[in-house]
Each structure stands twice: as C-alpha cells, then as structure tokens.
Amino acid sequence: MKHSEFDVVVIGAGHAGAEAAHAAARMGAQTALVTLSETDIGVMSCNPAIGGLGKGHLVREIDALDGVMGRVADRAGIQFRLLNRRKGPAVQGPRAQADRALYRAAMQQETKARKNLEVITGEVIDFRMDGHRVAGVVLSDGSEIPAKAVILTSGTFLRGVIHIGDVQRPGGRMGDRPSVRLAERLDSYDLPMARLKTGTPPRLDGRTIDWDGLERQDGDDDPTMFSFLSKTPVAPQISCGITHTNAQTHEIIEKNLSRSAMYGGHIEGVGPRYCPSIEDKIVRFADKDSHQIFLEPEGVNDHTVYPNGISTSLPQDVQVEYVRSIKGLESAEILQPGYAIEYDYVDPRVLSASLALPEIPGLYLAGQINGTTGYEEAAAQGLIAGLNAALEVQGRDAIHFTRANSYIGVMIDDLTTRGVAEPYRMFTSRAEFRLSLRADNADQRLTPKGLEIGCISDHRRLAFETKMERLGAVKSVLTERTFTPKEIRTAGIEVNQDGNRRDGMAILAFPNVCFEDLVPLIQQLEDVDQDTRRQIERDALYANYIARQQRDVEAMKRDETHAIPADFDYSSLTGLSNELKQKLSAARPANIAQASRVEGVTPAALTLVLAKLRSSQRAKKA
Amino acid sequence: MDTIFALASAQGKAGVAVIRLSGPQSHQAAKVLSGGDLPLRGMCLRELRAPDGSRLDDGLVLTFHGPSSFTGEDVAELQIHGSAASVNAVLRVLSEMPDLRLAEPGEFTRRALENGKMDLAQVEGLADLIDAETEAQRKQAQTILAGELGDLAERWRRDLIRAASLLEAVIDFADEDVPTDVSPEVRSLVTAVMADLEREAKGVRIAERIRTGFEVAIVGPPNAGKSTLLNALAGREAAITSEYAGTTRDIIEVRMDLAGLPVTLLDTAGLRETEDHVEGLGIALARKRAENADLRVFLTEDPQALGIGMQSGDIQVLPKSDLRSDGTDGVSGKTGQGIDRLIHNISVVLRERTASSGIATRERHRVAMLKSSAALSEALRVLDSGPDLYDIAAEELRIAIRALESLVGRVDVENLLDEIFASFCLGK
C-alpha cells in the first residue's frame with residue numbers, strides 16, 4: 001500500500017519530532033508525523049520540567065519562531081520559577097514544572113489543530129530510496145510514505161538498551177521497542193556513530209511520601225511564562241518538596257556499587273557529567289555527606305513523584321533500600337524503578353547547519369540522535385530541521401542561525417563543528433555573546449527572521465509589531481535629548497560628573513538606575529506601561545558591553561561569508577600540520593568562522609585555508 | 001574593522017625600519033603621528049610625535065589608498081630610524097591609539113587575500129611563508145615562555161579558569177547545590193593574577209632594555225667635562241671636545257659594554273640659559289633625552305641648577321677632580337681619576353634594575369597584560385556589588401581571559417565546564 005505523497009515526513013513524535021512537524025507545516029509544507037502510537041505525542045519521558053538556564057533561552061527562541069513548546073509548557077505549567085531572578089536579565093532562565101498529562105494533551109491538541117499536518121501511526125523500518133536520495137519511509141506493515149524530505153528524530157531508540165542493575169533489555173524507553181531495523185539501514189550509510197547513556201531515577205508514589213517534615217519550594221508569586229503570547233498560568237499551581245540523602249543512603253549505595261550497571265561494567269556509553277547518577281555522585285564526591293533531592297510532582301491529578309537527583313542503574317531491591325533511607329521517603333513505594341539507557345548517536349559533525357546530511361540528500365536528523373540531551377535542545381533542533389526541510393522542498397534558501405543571534409545558533413554550531421563527547425546540554429556559559437542573547441529579547445532577535453521566511457502566524461505578527469512600535473516610540477523619546485551630568489543629578493540620579501552628555505538609554509545603562517528614576521527628567525515617560533518599562537531597562541542595561549562586542553560580531557560575520565565547500569581537501573594544504581588536517585577534515589567547518597573555532601586552529605592556518613579557497617574560486621572563474 | 005600595524009622590516013638593528021598600518025584608521029593614525037595633513041597619495045618627510053607632543057623620530061610617511069594598496073585597504077607606512085628604541089616608541093604609541101592593534105602573524109597577508117590582492121602564483125608561494133611565520137612565532141613564544149614566565153602564565157590560566165568557573169557555576173547551576181558565596185575565592189584569585197600582571201607589564205620595559213641596552217645620559221653645566229668623560233669611558237674620541245662651552249649641540253651616542261651590560265651613553269649639550277637659537281634647541285633636546293634615559297649621571301656641583309629632576313638611582317659626581325685639591329668624590333675624564341668607581345656605581349644601579357625586571361619581552365605581551373589587568377580590576381569592582389551582578393563580573397573576566405590568550409592559551413567553555421564538574425557535585 002502506498003500513502004499519498006508528502007513534502008516532509010517526520011519520524012518520531014517526541015520533542016524534536018513534534019517541533020519539526022509543526023515547523024514544516026507552518027511553512028506550508030504537506031507534513032506527516034509518523035509515531036508508534038498517537039498517545040506518544042508530547043510525552044515527557046524524563047523529568048517533568050521544561051526550561052532552566054540556557055534551556056529556558058532555547059524555549060523562548062522556539063517561541064519567537066512561533067514553535068509549540070513554549071505555549072504547550074505554559075498550558076501545562078504547575079510551578080513557574082524564573083531562575084537567577086535577582087541576577088541580570090542575560091542569565092535569567094524561565095523554568096516550569098509541567099503536568100505530564102496536561103503537556104501531552106496540549107501538544108496533541110496543537111497537533112490535531114495544525115493545518116498541513118497529518119499524524120500517521122506506524123513503525124518506520126526503512127527509508128525509500130531514489131538513487132542516493134531519501135524519498136520517503138517504509139512502515140513495518142509494508143506500506144510506503146513517499147516524501148521529498150525526511151526528518152529522523154529517533155531519540156534513544158537506535159539500538160537502545162535499558163539497564164537495571166545487571167539486567168538488560170532492548171528498548172528505547174521504558175515499555176517501548178528499540179528501532180533495530182532502522183539502525184541497520186543507517187549502518188549502511190556508514191555514518192560515524194558512537195554510544196551515549198543517560199539515566200532516570202525511580203518514580204515514587206506521592207501518597208506514600210511523608211511530606212510534613214520536608215522543606216517546600218514554591219513557584220514565583222509573579223510567574224514568568226515561556227511564550228511571548230502567554231499571560232498567566234492556567235493549571236493549578238503546586239510546590240515541590242526538598243529532601244537529602246544521608247550517611248546511611250551512601251553506605252547502602254557503596255555496598256552495592258558492583259551491582260550497578262554503570263559500575264558493574266555493563267555500560268560502555270558516556271553519560272552526562274551534569275546529570276550524574278547517585279552512584280557517580282557518591283563515588284566522585286566521597287567527602288560530601290549529603291546530596292539534595294527535589295521531589296517533583298508529575299501532575300496535579302497524578303500521584304507519581306519524580307525524585308530529581310537520584311537517577312540510578314542499581315538493581316530494584318537496592319533502589320527500594322536506599323530510597324527508604326531518605327527522610328520523608330521511609331515508606332515510599334517505587335512505581336517504576338530507575339534505569340540507565342544506552343543508545344546510538346550520530347557524530348553531529350557530519351551534519352550541515354540545516355541539520356541535513358549532505359552525503360544523504362533528503363535526510364535530516366534532530367534531537368538525541370545528534371548527541372544532545374534535554375527536551376529543549378531536541379525541540380530547537382526539530383524546529384531548525386523542520387524549517388529547512390520545508391525550505392528545501394520549496395526550492396528556497398536554507399535559514400541558518402548564528403552564534404551572534406541565538407542560543408539555537410550556538411548549539412548547532414557547537415554540534416556541527418565540535419561534535420560531542422558527552423550528551424550535549426545548553427548552558428548560558430556556552431554563548432560568548434550572552435549579554436545580547438537574552439530570554440527576554442528572543443522575539444526581537446528572531447521573530448523578524450521568522451516573518452521573513454513565513455513561519456509566523458498573523459496573531460503573533462500583530463502582537464510582535466505592536467510591542468515593537470511601543471518599544472520604538474519610548475526609545476526615541478529616550479534618545480532624542482541628552483542631559484548634562486548636572487541635569488541628571490538634579491533629577492536625583494547619581495552619575496559621574498564627567499561632563500559627558502547622556503541620553504536616557506545611556507543613563508539606564510547604569511546598573512542602579514531604573515526606568516522610574518527617569519520620569520522626573522523626561523515627563524513624557526510617565527504613561528509608559530510596566531512591561532515596556534522593564535523591557536527598555538533590560539535592553540539598555542548591557543549597552544556598553546554589547547557595543548564592545550560588536551566588533552567581534554562583525555569579524556565573525558565576515559568570516560562566515562567565506563564558505564568552505566563540503567568536499568574541501570585539507571590534505572592538499574602543504575603548510576598545515578597533519579594534526580590540523582585531521583581535525584579540520586573531521587569537523588568539516590562550513591565557513592572560516594567555524595574553522596577558527598576548531599581546536600588548535602591558528603590564524604596562519606586560517607590564512608592557508610582562505611588562500612586555497614581563493615585559488616580554487618579563481619580557477620573556477622578562469 | 002580593526003586597523004592593524006606591525007613592524008614590517010626585520011626585527012633588530014637596521015638602518016631603516018618600516019612600520020606598516022592597514023585599515024580604516026591607518027591614515028588618521030599616521031596623521032596624528034606626523035602632526036598634520038598628509039598628501040592624498042605619496043610620501044613626505046615628517047617629524048613623528050606622540051599625541052602628548054613628545055618627539056619620537058624623523059621619518060618618511062607613505063600613504064596608499066585602498067583598493068590600490070598591498071592589502072586592498074587604506075595603508076600607511078612609516079619609515080623611521082632602525083634603532084630598537086625608536087621602533088618600540090612608535091609601536092607603543094600606536095598600540096595606545098583607539099581602534100588600532102598589533103597585527104597577528106599573517107594578518108596583512110590574510111587581508112590582502114580577502115581583498116583579492118594576490119594572484120595565484122603568490123598564493124601558491126604562501127604556504128611556505130606562513131609556515132615560516134608560524135615557526136618563527138612558535139620559537140619566539142617558546143623562548144619567552146620557557147622558564148619563569150611560562151610557569152607564571154600557566155598559573156594565570158589555572159587561576160582565571162578557576163575564578164571564571166566559580167562565577168559560571170553560580171550562574172548556570174542556580175537551582176543546585178553550589179556554594180552561594182564564591183566571591184572570596186574569586187576575589188583572591190583575581191587579585192593575585194592582577195598583581196602579577198601589573199608587575200610583569202612594568203617589567204617588560206626593562207626586559208626590553210636588557211636586549212637592546214640601557215641609556216645612560218651624562219648631564220651637567222657647560223664645560224663640566226661631559227664629553228671628556230664620555231671619551232674616557234668609551235676609550236676613544238667619540239665626542240668632539242674643546243675648551244669652549246657649548247661645543248656639544250647634538251646628542252652623541254656611544255654604545256658600549258659597561259661591566260657586561262649593553263649601555264648607550266648619551267653625551268648631551270651643557271645645560272644653561274642661552275641666546276643662541278641652535279644651542280637652545282640642543283639644550284631642549286638634551287633635557288628631553290636625559291629625562292627619558294634609564295639613568296642620569298649629573299656631572300655638576302649643583303644638580304638643582306640644571307632644570308632636570310634627579311630620579312631614583314641617579315648618580316651625582318663632582319667634575320674635573322684633577323683640578324681639585326681635596327680630590328674627594330670626583331671624576332676626571334682627563335686623568336681617569338674616579339672612572340672605575342663611576343663605572344662600578346652605574347653598573348650596580350643597572351644590575352639592580354635588571355634583577356627586578358620581568359621576563360616577557362614583547363610589546364604584544366605588555367599590551368595584553370595591561371588590557372587584561374584593567375578588565376580584572378573592573379571585575380573586582382563589580383564583584384563588590386554581590387551575586388546580582390555576576391553576569392557583568394563574568395563578562396569582565398571573559399574579556400580579561402581573552403586579552404591574555406597569547407600568553408595563557410585559549411580558554412574554552414569546555415575548560416570551565418571541566419573545572420565546574422570536577423569541583424561541584426551538580427546535576428539533579
């Protein structure tokens with residue numbers, strides 16, 4: 001049987017897959033989302049939370065491009081916290097506990113409502129090939145879905161193996177089969193692949209937890225939403241509990257270390273350092289006598305509690321023993337044991353900045369298969385793959401994001417030029433232009449790009465334009481006049497009496513000056529609404545640093561214009577050391593800017609590459 | 001676009017040194033140095049001065065307009081006297097101008113390439129050239145970084161990574177078990193590195209002197225016997241002596257080995273009020289040079305009368321001791337009396353300075369150290385405001401680390417993450 005032809009087929013409906021399918025559909029591409037089960041759409045298979053530092057930035061960027069994650073998380077959010085609330089806006093990250101059921105329901109509702117998007121239930125076991133080109137997928141029932149482009153978001157399902165103690169079984173997620181046949185197909189492409197691992201904690205029955213003696217953590221009084229379009233939470237709000245491991249817990253774990261999959265030598269994959277198992281924590285930080293655990297309810301109508309901080313691959317009986325040694329969990333029941341999962345990933349350095357595989361036209365990869373971890377990292381990749389697959393099908397130029405304009409750009413550049421050594425997670429420290437890439441200005445940075453390619457709804461466009469007009473009007477009031485230090489002081493603001501005239505934006509760049517301080521100086525500002533006031537403050541705060549970074553940004557942009565063809569032959573560069581030849585050949589930088597970030601590359605080496613590029617350009621012209 | 005500059009001729013002593021500038025500010029910089037408008041295209045002879053008015057050297061100033069230049073950008077060339085002192089003085093003044101910086105190795109070539117100013121044959125020959133450049137740079141860096149400075153730079157790297165990782169851990173793991181107050185450790189790390197940097201940056205000038213020689217000026221009233229003393233020290237008739245006061249109007253330089261140290265002795269015009277225009281110019285020049293010298297020998301009974309301040313370590317000796325009956329504490333170039341003691345005294349002062357000198361010898365390093373220490377000092381200031389401003393403190397620390405890249409190597413986010421995960425038990 002043959003399904004009707006689609007522009008884009010997305011395999012897998014996790015966070016990468018859902019975002020990819022929505023993005024392609026928003027672009028007007030006829031899109032199919034193929035999933036093992038329709039109820040899998042929007043499943044949060046790890047912790048019940050969205051956002052955080054770096055991750056919250058990604059969600060805002062997805063939202064700025066009209067993606068779904070932010071809006072869905074807002075609808076499912078049962079506890080909102082803006083991390084680093086007291087620090088500067090550049091390092092503030094929105095985060096929310098999400099109700100699993102609400103999240104899934106909201107995502108499925110969005111998916112059903114999306115124009116141009118069809119959900120197909122089935123297991124993809126192979127690609128349809130048209131020569132070298134991927135031209136659709138083959139399902140396990142033998143039916144085929146022809147498509148012009150395919151996005152593979154198989155998560156941990158490629159040769160996934162689940163470990164609980166010394167017991168292993170194949171599986172992509174608890175209760176799901178791994179995709180073995182698809183893995184074999186990918187093998188035939190000879191892609192560089194390796195193994196990673198990740199882990200989850202045991203899930204507890206909240207009714208068996210003694211909450212009374214435990215510390216509570218509430219959400220913010222004034223919740224910060226993910227989406228620029230959301231105003232307030234809709235779900236009931238809850239608080240989380242906090243408890244700690246103790247000497248007895250550590251003793252139990254130490255005694256049973258050899259029974260852990262990790263320490264018993266059953267796992268070869270590399271795990272993330274920032275999400276260590278409780279075994280790891282106790283071995284590596286032996287001097288620490290206690291570790292913090294957040295008890296996160298998985299939903300308002302769900303008794304399941306996710307004990308964040310004790311992921312493990314110990315056998316089930318040991319899990320019961322150590323959990324019950326912890327305060328408040330003395331009689332806790334485990335609903336599902338913790339487990340570690342090992343899976344295949346593709347070395348992302350083979351990907352283009354569109355997340356396409358240049359060697360296999362028509363195929364895009366997004367999410368954990370590219371060596372990342374986290375819902376947000378996956379969704380952001382899905383978005384990029386979805387947009388670009390649609391653009392390719394429509395015969396239009398790809399859209400690329402850069403380190404200078406987004407965390408998405410930082411992540412894709414890191415992945416495609418540097419590869420990964422452990423599951424890749426976003427941190428704000430990864431962004432060298434952190435002060436300009438803020439969660440609060442994601443819309444100002446990216447929505448115009450979205451409007452340009454046409455992935456933004458009219459509703460969002462209107463909201464965005466109104467906001468920008470308001471900001472623009474206030475900014476022009478703030479910049480149309482300058483004031484002497486004396487005038488400024490008369491208005492009650494302390495500045496250096498250095499004789500320099502400053503406009504309103506420059507005065508706001510002083511960390512201790514707020515918008516309200518300016519009102520006595522510029523009366524027109526009196527009627528400006530709160531949201532606009534706060535946004536103007538955030539835009540002004542880092543102005544001096546951003547101006548200083550501008551030159552770096554320009555140099556990088558210039559370097560980005562020197563594209564390096566995918567088949568560039570580094571081995572023919574006589575001046576280059578063998579080590580650099582190998583590194584550059586593996587990283588395959590798309591341009592000189594990326595090449596400069598490959599470890600060990602010197603200015604001289606770049607000049608050589610550039611010289612070679614020039615000479616081949618001339619040869620072509622001649 | 002930055003404007004870059006570098007010494008384009010071979011390093012070391014040469015008759016003429018060529019300093020090349022390329023980029024949008026190159027003509028402006030040349031104009032500032034030469035104190036006036038330059039011909040649109042071509043060359044002119046100018047006296048080069050620092051923005052503070054102090055004279056640097058005479059030189060030919062050449063201007064080329066982009067795209068008809070070597071790099072395709074606006075280019076200026078300064079052809080000056082080849083002494084290390086002149087070259088360093090001009091390089092230093094350029095590095096202090098806004099939007100100007102020293103070129104990286106191969107950067108002129110790279111700009112030429114980007115602007116399509118090289119033909120295929122030149123491109124093919126480039127590999128060897130860059131290889132040589134890189135090799136030279138590597139060797140030089142190794143020489144400089146071997147030993148004490150290498151150890152220092154390694155420590156700076158370690159300490160700055162540690163300091164930055166502490167701040168980043170507090171920022172990126174805000175909701176985890178990170179010690180909330182990392183500022184005492186950050187402050188002590190940053191303060192220590194900053195002190196090192198400031199000390200080394202000061203030391204650079206002296207270390208430079210060790211390579212190129214110290215300047216010792218002999219000053220005194222007319223006819224005190226300065227030229228005779230110089231001749232005696234140099235062991236040959238380098239300066240013209242006569243019994244007429246005011247014989248030395250120009251500055252006479254003699255390079256010599258003084259107790260194992262490379263020293264340039266400066267014989268200067270006798271310092272007095274004069275109506276003679278030419279002698280007046282000579283005296284003004286003498287004062288300037290003497291003030292900038294590393295050490296001054298005051299050959300006079302009354303140093304205050306000369307109008308030049310005595311600086312720490314300067315030596316005063318009484319002139320013409322052969323004509324004195326008491327013969328105390330004097331020197332005579334004519335008889336050689338007191339010469340040995342004077343040489344000894346000079347060498348003691350200079351050796352002391354050598355011992356306290358830093359090891360880094362390149363202007364690039366000095367600029368890097370100063371830039372870095374300025375950012376560190378700003379970071380310390382911001383740290384005082386507490387964790388609320390860690391985003392700014394972290395930014396200043398990044399600026400400091402980047403400025404120091406040529407000394408401590410590139411510090412990548414992975415280095416910070418390594419440190420963070422090695423120190424803190426993170427991850428929920």
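The model is predicted: local features need pLDDT of at least 70, side-chain atom pairs count only at pLDDT 80 or more, and totals for chains, interfaces and linings use all residues. Residues are numbered from 1 along each chain as its sequence is written, while chains are lettered from A and ligands numbered from 1 in the order in which they are written.

**Domains of chain A**

Begin by colouring chain A by domain, with bounds that come from an automatic or database domain assignment. Domain 1 comprises 6–197 + 343–453, domain 2 spans 203–340, domain 3 spans 479–548 and domain 4 spans 561–621. Between the C-alpha centres of domain 3 and domain 4 of chain A the distance is 47 Å.

**The nonpolar cores**

Next, select Val8(A), Val9(A), Val150(A), Ile151(A), Tyr364(A) and Leu167(B), the residues with the most contacts inside the largest nonpolar core, which has 226 residues. A nonpolar core is a set of buried Ala, Val, Leu, Ile, Met, Phe, Trp, Tyr and Cys residues joined through C-beta atoms within 7 Å. A residue is buried if 20 or more other C-beta atoms lie within 10 Å of its own, exposed if 12 or fewer, and partly exposed in between, with C-beta atoms placed from the backbone.

Centre the view on Ile151(A). Residues up to four places away in sequence aside, Ile151(A) touches Val8(A), Tyr364(A) and Ala389(A), among others; contact requires C-beta atoms, placed from the backbone, within 7 Å.

An open, antiparallel sheet has the order E3-E5-E4 in chain A. Strands E3 (49–51) and E4 (77–83) of chain A are at its edges, each with a single partner strand, so one side of each is left without a neighbour in the sheet. Strands pair if DSSP finds at least two bridges between them. Three bridges link E3(A) and E5(A), and Gly51(A) stands opposite Arg95(A).

**Around strand E16**

Move to strand E16 (residues 292–297) of chain A, where five of its six residues are buried. Four antiparallel bridges join E15(A) to E16(A), with His244(A) opposite Gln292(A). E16(A) also pairs with E17(A), and a hairpin of six residues joins these two strands.

**Chain B**

Finally, select chain B, which has 13 helices and eleven strands. Of its 428 residues, 41% are buried.

Conventions:
Contact = placed C-beta atoms within 7 Å.
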